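Let's take a quick walk through this one, from a helix to a surface patch and on to some charged pairs. Have your viewer open.

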Amino acid sequence: MGADLSHADVPKPTSRPDTPSTLRPDKARICPKGPAVGIDLGTTKSCVAVCQRGRVEILANDHNSRTTPSCVAFTHRERLVGEPAELQASLNPENTVYNVKRLIGRRYDDPSVQSDLKNWPNHLVEAGNGKAKVQVSYQGVEKELYPEEISAMVLYKLKQVAEASLGRPVTQAVITVPAYFNDAQRQATIDAGAIAGLRVLSLVSEPTAAAVAYGLKETHQHKGKRNILIFDLGGGTFDVSILTVQDGVFEVVATAGDSHLGGEDFDQRLTNQLAQEFRNKFQEDPTKSRKAMQRLKEACKKAKQTLSSSMAATVSIDSLYKGIDFHTTVTRACFEDLCGDLFQATLVQVQQVLEEAGLKKSQVHEIDLGGGSTHIPMIQRLLSKFFDGQRLCKSISPEEVVAHGAAIQAAILTGHRYQNLQNLLLLDVTPVSLGLETVGGVMDVLVKRNSPTPTKESRNFSTTEDNQGSLFLQIYEGERMLTKHNRLLGTITLSGLQPAPRGVPIIVVTFQIDHNNILTVSAMERKTGNKEELTIIDTRGRLDREEMERILQEEEEHRVQEKLQEEKLEALNALEASTLQLKRAAAEKSLDDRAKRRLLEMCEETAAWMDDNRLAPKKAYEERKKELEDVCSAILTHFNTREGQPEKPKAS
């Protein structure tokens, strides 16, 4: 409680310690375990990239796409990730999960989660630890999944994409997160990486990664110190950061944003508008059907994308609800009017980050864009006008720029020493103020928002009662004066204090933040050396060890079954291919009728057997294929032998 804690003297801030992510390449940790990739784990789309021989390559998935939908679907037969999941979403909305980044690291009672509930087709439930879980039906069984599990499925898909492209196992990654992600959200992202079988070398803020990508591309064009503003508006989150770049050093000066603002909100505005239009026209309410609303939202998303290059878009959905066809036209002007307040909200954050950086608009040398929502013409128009007509930098695809920068950082952390990476150094900031509750429930800030990380700050406190035997510390994050308005991260109890009058014992409290913005808090009684330490894992938000072990075991079992299923399908496809090949051979070869008939009979029998044995094991398909080929080989051998014999004389 606050009554346990009071100031002893003025805090003595300490210097920034070295950590692997801030070391230059010659001092970086060397990880000789194959290539490390950079992953942009997005709300709606994700991207994976690798930096090899000093060059970055965005890796395409098995659909030849450079981005993968952050979407997972569950059916009565299988689990789908990416494009296959997205394609069946309108038919199976309750069991198709997307936008999970808006849930990760949040509690069920979080206001943003409650706000999203009315728009989600999925059923959310509250776990025993207060976290939100997604309820789905998978193979006929009801399952409840943490957001970390869903995110891990997307990450594992990206891992497979990388391994297929590189031809090697991939076990290490740098993953990007919104700059405004709090401690719980960052910890949950690390957990998701672990579940996916990835060692997370570092978490990098999305705007920082974008700045690195642009900066590395254009470093040779500019000399001296430059102030760069990164405007990163994605599918579900918005970040704006200001960095200074000089001689390869990228230092974040200030960051702001909204972890609940992006393209999904624009889609929802348009969806709500058209749902109202449907009600007005037909006196029927499509919001009563999850399938209807999913189909309408998908159409609105496509219309939004069309409006980035056209002045109007057609929305046409056959039998949207109760057999009623819905056709309408959306103009760019209408869309901009619907979302105008959301677009303007981004500029409020831009103004805030300028003030916190202590810069005027004219002192910003470069404005770089990241995130697919920056394609929206009005966003670009408003941003350019805000900066008095300054040109916006779009030399790298906004959808790929964050993964591009993450791949560069992954290369640095694994010891790549190519010339263009030699002097690259990333210095980030903490996005939220951190402190302790003191007397009266007041928030005593030890680490201010936008403090450089890694960092270490210490402050002296004392007791508030005579002969106090223990000290109870409550750690909070937030910007409000009273802790009741901020977010509790964790608690430490320092016991065994020696009896003394109040205010006499000196307790040194230290906040240390690493390169992933993960906080460790320690409390030590100066006289005795008695010490307690806690790495803040947000006990209200992060998965505990038992749950992690259970999830890891389930995922491992799923991957084994998935591998067996793939091998079985390969054996089935091989059998089907052999059948078709032999059919063609029978038709093309000059066989006698008896041999041809026998070949075709074997092929038909095999085709019928396959239809009746779709659930047979891999070995059964392999045995059937060998049997088919052996019999057909014998028939063809017999035919060829007869064909090679001298013709018998005809009877007179």
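What span should the 13 residues of helix α4 have at 1.5 Å a residue, and how far apart are its end C-alpha atoms?

## Helix α4

Keep in mind that this is a predicted model. Helix α4 covers residues 183-195, and at 1.5 Å a residue it should span 18 Å. Its end C-alpha atoms sit 19 Å apart, which agrees.

How many of the residues of α4 are buried? The count is 12 of the 13, so the helix is largely enclosed by the rest of the structure.

Just after the helix, G197 adopts a positive phi of about 85°.

## A nonpolar patch

Now for the surface. V442, M481 and L482 together make a nonpolar patch of about 260 Å². M481 belongs to the loop that runs between β27 (471-477) and β28 (487-494).

Is M481 buried or exposed? Its relative accessible area is 65%, and because exposed means over 50%, M481 counts as exposed.

## The annotated coiled coil

UniProt, in an unreviewed entry, places a "coiled-coil region" at residues 545-572. In the model that span is 100% helix and 0% strand, and its end C-alpha atoms lie 40 Å apart.

## Salt bridges

The structure has 28 salt bridges. Helix α13 (residues 618-644) holds the pair K618 and E622, which are 4 residues apart and so separated by about one helical turn. The closest N and O atoms of K618 and E622 are 3.8 Å apart. Both residues are partly exposed, K618 at 32% relative accessibility and E622 at 40%. E567 joins K618 and E622 in a salt-bridge network.

K625 and E629 repeat the spacing in α13: 4 residues, about one turn of the helix. Here the closest N and O atoms are 3.0 Å apart. K625 is partly exposed at 22%, as is E629 at 33%.

One more pair to look at is E605 with R598, where the closest N and O atoms are 3.9 Å apart; the salt-bridge cut-off is 4 Å. E605 is partly exposed at 39% relative accessibility, and R598 is partly exposed at 32%.

Terms used: Residues numbered from 1 in each chain as written. Predicted model: local features only at pLDDT ≥ 70, side-chain atom pairs only at ≥ 80, totals over all residues. Heavy atoms only, no water. Patch = residues over 30% accessible without salt bridge, like charges linked within 9 Å, V, L, I, M, F, W, Y side chains within 5 Å. Areas by Shrake-Rupley, 256 points an atom, 1.4 Å probe, with all protein chains shown as cover. Salt bridge = Lys/Arg side-chain N within 4 Å of Asp/Glu carboxyl O. Helix = DSSP H or I, 4+ residues; strand = E, 2+ residues; numbered from the N terminus. Buried < 20%, exposed > 50% of the residue type's maximum accessible area, 1.4 Å probe, protein only. Expected span 1.5 Å × (residues − 1). UniProt positions renumbered as here; feature names shortened; annotations may be inferred.
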